[in-house]
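Q: I am new to this structure. Please take a close look at its salt bridges and walk me through them.

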Amino acid sequence: MDFWFSEYHTKYVKYSIKVDKQLFSKKSDFQRIDIFYSKEMGNILILDGYIMVTEKDEFIYHEMITHVAMAVNPNIKNILVIGAGDGGTVRELTKYENIKNIDMVEIDKDVVDACLLYLPQTACKLSDPRVNLFFEDGLKFVRTKKNEYDLIVIDSTDPFGPGEDLFTKEFYGNCYKALNDDGILVNQHESPFYDNDAKAAARINRRMKQIFPVNLVYQAHIPSYPSGHWLFGFASKNLHPIENLQTDKWNALRIETKYYNTDLHKGCFALPNYVKELLDEDE
């Protein structure tokens with residue numbers, strides 16, 4: 001008998017993966033955690049029925065949520081990562097020798113423990129001595145920080161459930177205060193394609209614009225995410241992601257990537273008209 005996992009992208013559209021076996025299942029204090037193995041996609045992390053990570057395409061998401069900011073300011077040293085329980089964002093950041101400190105705040109320790117066991121591909125650098133793990137609410141954590149970080153990466157789940165507070169104007173305002181004068185914030189920005197996702201993307205963009213003087217959206221193709229068309233937000237107090245791109249400095253670092261490069265960096269900020277209209281309409 002075939003076993004298929006299906007994620008409903010809308011009431012009328014679902015994305016299905018043939019699953020060979022279930023590796024892990026647990027109801028934590030915050031959400032249901034499942035890990036499946038698929039011959040096509042490898043190990044898959046699912047939270048409350050939504051795909052977070054597949055071994056086959058996770059590199060796209062994790063490279064795009066980290067290296068865009070690092071190429072704008074390769075001298076970043078002190079970083080706050082909120083969410084990111086699978087460890088992939090931390091893995092990419094630890095490729096930079098100049099980074100001195102990564103504070104990672106994840107509300108659900110059970111997610112991290114499961115990924116250490118079943119997704120070592122992504123969680124392999126959580127033991128790096130520069131990484132400090134905090135198992136607490138990211139919203140509360142960032143409230144106490146002032147002018148402290150060069151980069152904040154918000155690698156959260158969707159804007160409901162445990163991740164809901166990480167999409168509020170209050171949270172973005174606290175992140176602004178936690179950044180230094182050249183600080184950068186990068187967040188996952190949802191998909192612009194299906195109606196409910198598109199409304200969330202527009203709402204996130206509107207709130208970010210109210211806080212940050214520099215605020216742009218960029219995109220990537222991630223096959224296992226709804227529609228495959230995914231957005232990220234780049235916000236800063238001073239630095240512009242194109243005008244301040246340090247192409248030569250970043251390329252000289254010889255960071256190993258499978259998706260990101262500095263040519264792609266320039267192109268990923270060129271958005272389709274329907275996305276531009278979506279982001280402009282909801283201002």
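**Salt bridges, up close**

A: Start with a network: salt bridges link Glu58, Arg91, Glu92 and Lys95. This is a predicted model, so every value here is computed from it. The structure as a whole holds 11 salt bridges.

Look at one link in that network. Glutamate 92 pairs with lysine 95 in a salt bridge. Their closest N and O atoms are 2.8 Å apart. The cut-off for a salt bridge is 4 Å, so this pair qualifies. Now check burial. Glutamate 92 has a relative accessibility of 2%. Buried means under 20%, so glutamate 92 counts as buried. Lysine 95 stands at 30%. That value lies between 20% and 50%, so lysine 95 is partly exposed.

Why can such pairs form? Side chains of opposite charge can pair when their charged atoms come close.

Next, move to arginine 32. This residue forms a salt bridge with aspartate 34. Here the closest N and O atoms are 2.7 Å apart. Arginine 32 is partly exposed, at 41% relative accessibility. Aspartate 34 is buried, at 6%.

Strand 4 covers residues 32-38, and strand 3 covers residues 21-27. The two pair in the antiparallel sense, over six bridges. Together they form a hairpin, with four residues between them. Across from arginine 32 in strand 4 stands lysine 27.

A further salt bridge joins arginine 130 and aspartate 128. The closest N and O atoms are 3.1 Å apart. Are these two residues buried or exposed? Arginine 130 has a relative accessible area of 17%, so it is buried. Aspartate 128 is buried as well, with 14%.

For a contact of another kind, turn to asparagine 215. This residue sits in strand 12, which spans residues 214-221. Its relative accessibility is 14%, so asparagine 215 counts as buried. A polar contact of 3.0 Å joins its side chain to that of asparagine 205. Leaving aside residues up to four places away in sequence, asparagine 215 touches Asn205, Met208, Lys209, Phe234 and Ala235.

To recap the pairs: glutamate 92 with lysine 95, arginine 32 with aspartate 34, and arginine 130 with aspartate 128.

How values were computed:
Residues numbered from 1 in each chain as written. Predicted model: local features only at pLDDT ≥ 70, side-chain atom pairs only at ≥ 80, totals over all residues. Heavy atoms only, no water. Salt bridge = Lys/Arg side-chain N within 4 Å of Asp/Glu carboxyl O. Buried < 20%, exposed > 50% of the residue type's maximum accessible area, 1.4 Å probe, protein only. Pairing = 2+ DSSP bridges. Polar contact = N/O pair within 3.5 Å; in protein donor to acceptor, adjacent residues only side chain to side chain. Contact = heavy atoms within 4.5 Å.
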